[in-house]
Amino acid sequence: MKDFAYVSAPDVATAVRAITEPGAKFLGGGTNLVDLMRQNVERPDTVVDITRLPLDRVEELPDGRIRIGAMMRNSALAAHRLIRTRYPMLAQALLAGASGQLRNMATVGGNVLQRTRCPYFVDLAARCNKREPGSGCDAIGGFNRNAAIFGASESCVATHPSDMCVALAALDATIELESVRGVRRLPLVGFHALPGDAPQHETAIAADELITAIELPDLPVAARSRYRKVRDRASYAFALVSVAAALEVRDGVVTEARLALGGVASRPWRAHAAERALMGAPATEESFRRAADAELAGAVAQSQNAFKIELARRAVTATLRQLHLPGGAA
Amino acid sequence: MADIRMRVNGSIEKLDVEPRVSLLDALREHLGLTGTKKGCDQGACGACTVLADGERIVSCLALAVQYADRDITTIEGVTSPLQRSFVRHDGFQCGYCTSGQICSAVGMLTEHAAGAPSAVTGDLATMEIELTAEEIRERMSGNLCRCGAYNGIVAAIEEGIR
Amino acid sequence: MRYVGQPIDRLDGVAKTTGAARFSAEYPYPNLAYAALVHATIARGRITRIDTGTARKTPGVLAVITHGNAPEMKPAPKPNQFDMSTLAAATSVNYLNTDEVYWNGQPVAVVVAETLDVAREAAYLIEVEYAEYPAAVDFAAEEGNARPQKSTMLSEADGRKGDAEAALADAPFALDLRYTTAQVNHNAIEPHSTTAYWDGDHLILHEGSQNVAWVRDHLAIRFDLPKQNVRVISPFVGGAFGGKSFVWPGTVLTALAAKVTGRPVRMMLTREGVFRTVGGRTPSIQRVAIGAQLDGSMTALIHTSVCQVGRTGGWSEQVTSVSRHLYDAANIQVQQNLVGMDLLANTIMRAPGESIGSFALEATVDELAYELGLDPIELRARNEPARNPLDGKAFSHRLLMECFEEGAKEFGWAGRPQEPGSMRDGRWLIGMGVAAAYHPAWRFPANLTVRLSDDGTVLIRCGLHEMGMGSATAVSQIAADALCVPMAAVTVAYGDTALPDTTTAGASSQTASVTASLLAACAKLDRAVFTLARKTPGSPLRGLRRADVTARDGGLYNGSRGESYHDILRRAGRASVEARVGADTRLGEIADQVRSMSKFLLDRRRWVKAACGAQFCEVLVDSDTGETRISRWLGVFDVGRVVNAKTAASQLRGGIVMGIGLALTEETLVDPRNGRIVNASLSEYHVPVHADIPVIDVRYLDDPDPTMPLGVVGIGEVGVTGVAGAVANAVFHATGKRIRDLPITLDKLL
């Protein structure tokens with residue numbers, strides 16, 4: 001790890017000023033950045049520690065929206081009563097991520113900005129367009145069992161590893177960004193980029209911007225939601241496929257549906273096509289499968305990950321089924 | 001170099017470390033507290049688990065400077081009946097992951113007592129979650145044990161909560 | 001016996017639960033320096049340029065060692081079966097004494113610096129260029145280049161009884177199946193670590209090792225020292241599983257770095273460094289073919305394997321060993337094959353051979369049972385041999401069917417519907433599977449001393465190893481019983497070449513090996529003490545014969561007449577009495593080795609010895625996603641006498657947990673384009689976590705093997721055998737799908 005200057009920012013104004021130094025990076029819980037620095041994937045000159053910023057609360061706004069401070073720890077957010085009761089899929093997504101220790105460290109803002117876990121990204125001996133633009137992609141034609149099935153390009157097939165963001169995408173969360181230039185808000189859906197021919201550009205955040213908050217809309221359907229994560233061991237592993245879903249059924253007909261997939265693209269994948277297929281359809285296994293099919297029609301496999309298309313289809317169907325018939329038989 | 005202070009196992013320690021020094025290396029190499037173990041140095045095994053103000057964290061991904069003025073407890077500062085239970089239930093073999101398992105278990109029990117849910121909690125609304133073996137296993141899954149002493153660890157924790 | 005067999009807490013329990021136990025990277029030295037490796041990024045070739053300029057200029061860097069400036073080291077000795085320590089070289093490469101690269105990850109430079117962070121940063125700053133050579137790194141593609149493996153004294157690579165191919169062709173029922181298993185790695189949680197310093201021409205090393213004497217002997221050769229000038233200290237080893245049996249590059253290079261800098265040097269490999277410089281378990285391709293009569297009796301059993309070895313070294317696994325011993329087939333053919341690869345030397349890992357060989361064999365037997373409409377246990381009963389199937393040798397002890405019977409009863413085996421896919425609980429498909437566990441029993445020479453002091457305490461000095469087996473605890477129990485003293489009076493000094501050379505902690509042999517010598521030494525000591533007592537004026541034992549006297553309560557007595565060891569030694573004016581097993585001269589050592597080797601071979605001609613057992617597994621398979629969870633496990637074992645009921649159960653469980661990893665989650669991904677391990681981390685290499693492991697019920701029959709010391713048969717490895725087979729069979733029972741490729745990840749079940 002390169003030696004660096006360390007600045008601990010007491011307030012947002014100091015933080016966003018400090019980040020304008022060339023080679024400066026924000027440091028949150030460190031669970032991703034410190035690991036990448038140790039592997040020399042990241043080599044900042046200055047590290048601006050933002051963990052002492054007073055952005056660690058969940059507030060209910062007068063209009064019913066929820067504002068989550070970006071320095072809130074993942075574990076604290078998952079344990080928060082408002083999140084558990086009003087947005088269970090978000091609590092479940094957070095709890096499905098990493099381990100108890102890492103959730104105690106990782107911040108909400110940092111979770112949004114997680115880097116891919118593609119093994120070639122962290123191996124400096126490998127070619128990776130994301131790490132070193134123009135060098136090539138060793139995942140294509142290499143080990144890509146856990147690569148993207150949506151939105152991949154010839155330059156990159158990496159996925160975004162966050163669980164939390166999958167729920168946030170389904171919930172239509174908003175990201176608040178602040179810099180010396182001011183404050184702006186962006187929808188989380190679309191915040192993460194598809195690789196195209198520039199996979200090094202991962203999100204819409206500018207180099208000098210700080211995530212200060214995440215806002216959730218007041219969304220009654222979210223109270224009936226769940227997050228399902230499918231992975232290679234029972235816990236403490238990244239998703240092969242995950243599903244965040246909320247479902248409202250009246251008189252046997254779907255009246256509202258929210259669906260997003262994780263582990264399938266360089267962004268949390270909001271399943272708009274599936275949502276459209278569900279709206280107004282009878283709440284049956286058949287409809288759930290059709291909705292999954294509608295979304296997965298656009299999926300494209302790499303050499304080793306065709307199974308993820310079928311897995312996603314089944315995970316979506318199963319998650320909707322379980323939401324509709326909780327505790328019901330398979 | 002940064003001059004920092006940190007309360008470690010109850011006593012104030014002064015440390016003069018580069019910002020890149022992890023809390024784990026500060027404990028092991030600077031303070032000689034080698035009870036905290038390095039297994040992967042990237043947050044993937046839990047062997048380096050310590051308590052920061054009572055919360056369990058992995059010290060390998062923590063920079064020491066970030067934890068200036070915090071209260072750190074390592075296995076050397078833990079006095080818990082869990083330690084005897086680990087011996088009684090053979091909750092370890094080689095002993096290398098043990099410090100992390102015990103610190104993690106102490107932190108996990110605090111989290112549970114505060115009503116924190118886990119990925120296997122059925123009813124997220126309740127704050128009174130029964131700490132079943134399944135709950136313990138999920139909550140302890142951030143601590144790998146390659147000797148496979150998982151049964152003994154869970155039994156030791158179950159004894160600890162009775 | 002008062003202690004043997006009891007569930008006694010580990011003696012090092014307090015040390016390990018308080019952080020007091022010191023591992024090899026935890027010895028403080030003044031002026032300690034830190035070392036870091038630079039790894040090659042090509043599979044095969046030659047270094048054409050290595051730029052260390054920036055690294056050298058980095059403040060805090062003490063030395064950058066490359067092939068351009070490294071002191072000369074002697075090459076590794078050629079492996080020789082008669083001198084076991086020559087087997088210690090993990091690879092034949094003379095590290096940093098060559099510009100050639102033999103595997104992707106080979107160390108090409110070492111940086112030594114004042115701090116760990118400086119060493120690692122400087123290692124990053126070194127630039128290496130290579131001329132690449134063609135390399136064979138794709139195991140699947142190299143299958144056709146495999147050649148028959150040579151047999152050795154320790155391991156037979158082939159065997160034949162009758163004409164198995166002809167019998168297979170003629171059999172009314174025949175299966176001929178192909179299996180593959182992935183490379184896996186030990187991943188002990190303690191990364192390989194060395195702290196080394198030179199005191200003049202003496203080298204002192206703290207090193208987590210399964211064989212301190214091998215490390216000493218090997219380093220003595222490499223650095224051209226008399227072996228008494230090398231001391232290896234290793235009281236605690238943070239997990240090993242075979243991965244710390246041999247001497248890997250990090251150990252040699254830390255000693256070299258200490259020599260170059262004149263400083264004590266510590267090097268703990270990074271996790272990636274462990275993957276790149278310490279070999280794992282070979283992948284395998286196996287064929288198992290069984291021919292049977294309608295009643296299930298086997299007429300033909302063929303088991304062949306292809307494994308890899310690195311071109312610079314690698315252990316040849318006894319993959320087909322289980323097929324030599326388990327079933328009474330009329331015709332048997334086993335053949336192991338190897339293909340040389342330009343990859344890091346593979347090495348022994350918990351039950352090398354039997355772990356993966358039993359998967360293929362036991363899955364085929366299960367498939368045959370279904371084909372024949374027989375209960376898989378009944379099929380095994382019909383083929384249970386009275387003598388070793390391949391050569392008719394006698395079994396020293398074998399209660400395999402008893403294990404199956406007890407297990408079936410306890411597990412509720414008979415109550416299950418045999419039809420696959422017939423059990424379900426909500427979204428979970430339920431399946432039950434069974435498989436045989438089998439691991440040969442070994443015993444090697446072990447030296448030690450037992451000293452009785454006039455305060456009544458007993459000190460055992462032996463260079464044994466503690467990687468979590470509870471070795472010292474077991475030895476204390478045995479000694480306390482043998483000498484009739486309280487366990488608290490016994491101390492075991494171990495893990496140090498300053499102690500008598502004991503034996504390797506491998507092949508599940510350490511306890512049996514040490515027990516034989518320990519019992520012999522205790523008997524010697526008893527005779528010496530008695531002789532002392534009966535000759536000492538005033539002793540109440542004067543004039544008695546040994547037969548008239550019993551040892552009890554820390555002394556020797558004839559009824560109420562007698563006295564404590566303390567009094568015997570005091571009366572005789574002796575501070576201590578010591579008994580020794582093993583020579584202390586080089587000549588005596590050689591004589592001992594020849595004697596023990598011939599005894600070993602004689603023993604092997606007479607008996608087939610093994611631990612065995614029955615593994616019962618219940619799995620849940622998610623009917624939507626194919627996620628597989630183990631919901632119940634029962635292992636019933638015949639492991640001879642159990643010395644410590646608590647630690648023995650833990651070892652068997654630990655083997656089962658590792659087997660579950662082998663079966664379901666673990667796979668080292670080697671890029672077929674360049675031989676580079678792609679998932680060299682614990683986040684991408686999936687060791688089972690807490691949530692993967694249910695309660696594992698372990699039982700044993702506790703029936704001593706009459707041919708082994710104290711009846712002890714090793715328990716360290718048998719637990720992992722049969723596990724993957726039982727899991728695969730249970731997955732079939734749940735889903736109707738036969739997965740013949742490990743690990744059984746969910747994609748194979750969709």
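Trainee: What is the volume of the largest cavity, and what makes a space count as a cavity?

Mentor: The largest cavity has a volume of about 850 Å³, a volume being the space filled by probe spheres set on grid points that are joined across faces, edges and corners. A cavity is a set of points, on a 1 Å grid over the protein atoms alone, where a 1.4 Å probe fits but cannot get out. By this rule there are 14 cavities of 30 Å³ or more. This is a predicted model, in which local features need pLDDT of at least 70 and side-chain atom pairs count only at pLDDT 80 or more, while totals for chains, interfaces and linings use all residues. Residues are numbered from 1 along each chain as its sequence is written, chains are lettered from A and ligands numbered from 1 in the order in which they are written, and side-chain values use heavy atoms, with hydrogens and water left out.

Trainee: Which residues line the largest cavity, and which of them lie nearest its centre?

Mentor: The lining, meaning residues with an atom within 4 Å of a point, holds 50 residues, and C:G506, C:A507, C:S508, C:S509 and C:E717 lie nearest the centre. Elements giving two or more residues to this lining are α13 (471-483), α14 (510-535) and α17 (645-664) of chain C, where helices are DSSP runs of H or I with at least four residues and strands are runs of E with at least two, numbered from the N terminus. The largest share, three residues, comes from α17(C).

Trainee: Why is the pair of B:Y96 and C:F23 called edge-to-face?

Mentor: Rings of Phe, Tyr and Trp (its six-membered ring) pair if their centres lie within 6.5 Å, and planes under 30 degrees apart count as stacked, over 60 as edge-to-face and the rest as tilted. The centres of these two rings are 5.0 Å apart and the planes stand at 90°, so the pair is edge-to-face. The pair crosses between chains, from the loop between α2 (81-88) and α3 (98-113) of chain B, which holds B:Y96, to the loop between α1 (13-18) and β1 (33-39) of chain C, which holds C:F23.

Trainee: How do you know that C:Y29 and C:Y197 form a tilted pair?

Mentor: Their centres are 4.8 Å apart and there are 50° between the planes, which makes the pair tilted. C:Y29 lies in the loop between α1 and β1 of chain C and C:Y197 in strand β10 (residues 193-199), 168 residues apart.

Trainee: Is C:Y197 buried or partly exposed?

Mentor: Buried means under 20% relative accessible area, exposed over 50%, and partly exposed in between (1.4 Å probe, protein chains only). C:Y197 has 24% relative accessibility and therefore counts as partly exposed. B:Y96 and C:F23, by contrast, are both buried.

Trainee: What makes the placement of C:R632 a charge over a ring?

Mentor: The rule asks for NZ of Lys or CZ of Arg within 6 Å of the ring centre and within 35 degrees of the ring normal. C:R632 lies over the face of C:F411, at 3.9 Å from the ring centre. C:F411 is also linked by ring pairs with C:F404, C:W413 and C:F616 into a cluster.

Trainee: What is the phi of C:L96, and why is this residue called buried?

Mentor: Phi of C:L96 is near 60°, a positive value in a residue other than glycine. The relative accessible area is 2%, so C:L96 counts as buried.

How values were computed. 1 Å grid on protein atoms, 1.4 Å probe; cavity = no way out; pocket = protein on both sides within 12 Å on 5 of 7 lines; lining within 4 Å.
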